[in-house]
Amino acid sequence: MAAPRVIYEPKPGSPIEVDREFYDRLSRETASRAPVERFTVPPRTGRAWPVRAGEIFRIVAVEGPQVADLNVWNLANPRERFWAARTKQLHRAHVTTYDRLWSCLPYLRPMLTITGDTIQYGRDADGAGCHDLLGTRCDPYVHKMLNGEEFDLCCHSNLVRAIAPYRLTELDVHDVLNVFQVTGLTVDDRYFVKASPAKQGDFLEFFAEIDVLCAISTCPHGDLSVQMWGDDAGDPLTTCRPLGVEIRRPDPALLRGWRSPEVSDYRGDHGLRRG
Ligand SMILES: [Zn+2]
């Protein structure tokens, strides 16, 4: 049997291997950051907010474990949005510090770079990791199919309501990064979840490489400690908590040498161009 082979092994200077010194300095120098905005997202709701290129934001477990489903768009062009599947291939299925969130085709550039992760879960004995790209958002269609109920507070719906003020719709919601969510695959290759390990004050921190619109849902399944489907399913309402979002502007001196990335310069036109 052939040995496993990592498919996107970065070459020196590759955009999937970041300048760690630059991002370390950014993440260390917190005292000089200027506050931009901070707010709380109540349980079982959603909220969208813009972040300018060069700013930093955190998603904070302000009261303890709670999963957040994150979507990201280019603020000026919502067709350019986070591409979860490619990010999983370029980095890993559970992202952490120095990993980046990439945009979809035909753009393909880093939208966000992770500059801080207080969870540092690594891989556990079951092969699980935290901050999940294996799965996606919960949605009312699957709820109806499996439980027969009409439920309007799924992450998909929370994101739909969150982005409505930005004139985006359900069709703009896409596959998410499940922040603070521990997942893996069983030995027979089935998706599993575990209770979120986040403690009060834990955060995941991002640097905005371009102007973005972000949105999170505070998942109605809370910290995922209660079984959602099947005979031993319970009501996870008591495990639902708010999340905090904090946006700050770092000292411009720290950004010296950094340039907001351009979209892909592939101009091959897929072989369609004639002559
Ligand atoms: Zn959810």
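## Basis of the model

Residues are numbered from 1 along each chain as its sequence is written, and side-chain values use heavy atoms, with hydrogens and water left out. Because the model is predicted, local features need pLDDT of at least 70 and side-chain atom pairs count only at pLDDT 80 or more, while totals for chains, interfaces and linings use all residues.

## The zinc site

Three cysteines coordinate the zinc ion through their SG atoms, at 2.3 Å: Cys138, Cys155 and Cys219. Along the chain, these donors follow the spacing C-x16-C-x63-C. Cysteine 155 belongs to helix α4 (residues 155-163), whereas cysteine 219 sits in the loop between β12 (212-218) and β13 (243-249), so the pair ties together parts that are 64 residues apart in sequence. Both cysteine 155 and cysteine 219 are buried.

Donors here are N, O and S atoms within 2.8 Å of the metal (3.2 Å for Na, K and Ca); water is not among the atoms, so sites may look incomplete. Helices (H or I, at least four residues) and strands (E, at least two) are DSSP runs, numbered from the N terminus. Buried means under 20% relative accessible area, exposed over 50%, and partly exposed in between (1.4 Å probe, protein chains only).

Helix α4 is mostly covered, with seven of its nine residues buried. These are Cys155, His156, Ser157, Asn158, Leu159, Ala162 and Ile163. Their cover includes β2 (46-51), β4 (68-74), α3 and β12.

Strand β4 holds aspartate 69, which is buried yet has no salt bridge. The nearest side chain of opposite charge, arginine 137, is 7.2 Å away; in this count Lys and Arg are positive and Asp and Glu negative, with His and the chain ends not counted.

## Salt bridges

A search of the whole structure finds 16 salt bridges, each defined as a side-chain nitrogen of Lys or Arg within 4 Å of a carboxyl oxygen of Asp or Glu. In one of them, glutamate 246 pairs with arginine 38, the closest N and O atoms being 3.0 Å apart. This pair links distant parts of the chain, with glutamate 246 in strand β13 and arginine 38 in strand β1 (residues 34-41), 208 residues apart. Glutamate 246 is buried, at 12% relative accessible area, whereas arginine 38 is exposed, at 59%.

Arginine 109 and glutamate 80 also meet in a salt bridge (2.8 Å, N to O). Arginine 109 lies in the loop between β6 (100-102) and β7 (110-117) and glutamate 80 in strand β5 (residues 77-81), so the pair ties together parts that are 29 residues apart in sequence. Arginine 109 counts as buried at 11% relative accessibility, as does glutamate 80 at 1%.

## A nonpolar surface patch

Val142, Met145 and Leu146 make a nonpolar surface patch of about 300 Å². Leucine 146 is placed in helix α3 (residues 140-147). Patches are made of residues with over 30% relative accessible area and no salt bridge; like charges are joined within 9 Å and nonpolar side chains (Val, Leu, Ile, Met, Phe, Trp, Tyr) within 5 Å. Accessible areas come from the Shrake-Rupley method with a 1.4 Å probe, and for residues only the protein chains shown count as cover.

Terms used
Contact means heavy atoms within 4.5 Å.
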